[in-house]
Amino acid sequence: MSLKYAVLAALLEGEASGYELSKVFDVSLANFWAATPQQLYRELERLARDGLIEARIVRQERRPDKRMFTLTEAGRADLRAFAAEPPRRPTAIRDELLIKIQAMDGADPEATRELVEERMAWARGKLARYERVRQRLLDGRTEEEYLREADRVGPYLTLMGGIGFERENLRWCERVLAVLRRRAPLEPVLGADDGDAPDRL
């Protein structure tokens, strides 16, 4: 899938500037489709050129003018057709950390532990951001009320996918750390003579 449809889907929320869309990608869409601001601005230009979105200039005092983008009817029709198509294939995982774990045997276990703890901190940070988005979407409603009453539930359902992914990430990291702890050589007993210290493996 190209970035095109992620941008069109983001604009279902309403008119937005390129800067506002980059924030949407950073918070709401990053759990399933990442894009840099440069990629986003290039895609906005292409979509406007193709007639799938339109832009208007908003004049600002003491700040540069900004362009606000909205979906055209052609853009909505294209997005509806895309949403009805089956995905080409499930996304394959490409994760550098998994390659490092695959190659960890014989490496420094402390370095591996630090990499896994770094991934855990990253996952916890993302979960905290996702929870803030979730609370903003719910706006005081229960999840059942939201899913029954909201005009659009797609953003909430994709958010749940991101939350589930990061929770599983944390579970996997905890499992890896538990394995590393069990495989660690025994530490010397504090205060024991060298001859009394357990042999290291």
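1. The model is predicted: local features require pLDDT of at least 70 and side-chain atom pairs pLDDT 80 or more, while totals for chains, interfaces and linings use all residues. Residues are numbered from 1 along each chain as its sequence is written, and side-chain values use heavy atoms, with hydrogens and water left out.

2. Glu-166 is found in helix α8 (residues 154-183); helices are DSSP runs of H or I, at least four residues, numbered from the N terminus. With a relative accessible area of 2%, Glu-166 is buried (buried is under 20%, exposed over 50%, partly exposed in between, with a 1.4 Å probe and protein chains only).

3. The side chains of Glu-166 and Lys-126 are joined by a polar contact of 3.1 Å (N or O atoms within 3.5 Å, one able to donate a hydrogen and the other to accept it; residues adjacent in sequence count only if both atoms are side-chain atoms).

4. There are two aromatic pairs (ring centres of Phe, Tyr or Trp, the last by its six-membered ring, within 6.5 Å; planes under 30 degrees apart are stacked, over 60 edge-to-face, the rest tilted). The rings of Tyr-5 and Phe-82 are stacked, with centres 4.0 Å apart and planes at 5°. Tyr-5 belongs to helix α1 (residues 3-10) and Phe-82 to helix α4 (residues 73-84), so this pair ties together parts that are 77 residues apart in sequence. Tyr-5 is buried at 16% relative accessibility, whereas Phe-82 is partly exposed at 25%.

5. Tyr-146 and Tyr-156 form a tilted pair, 5.1 Å centre to centre with 40° between the planes. Tyr-146 is buried at 5% relative accessibility, and Tyr-156 is buried at 1%.

Notes: Helix = DSSP H or I, 4+ residues; strand = E, 2+ residues; numbered from the N terminus.
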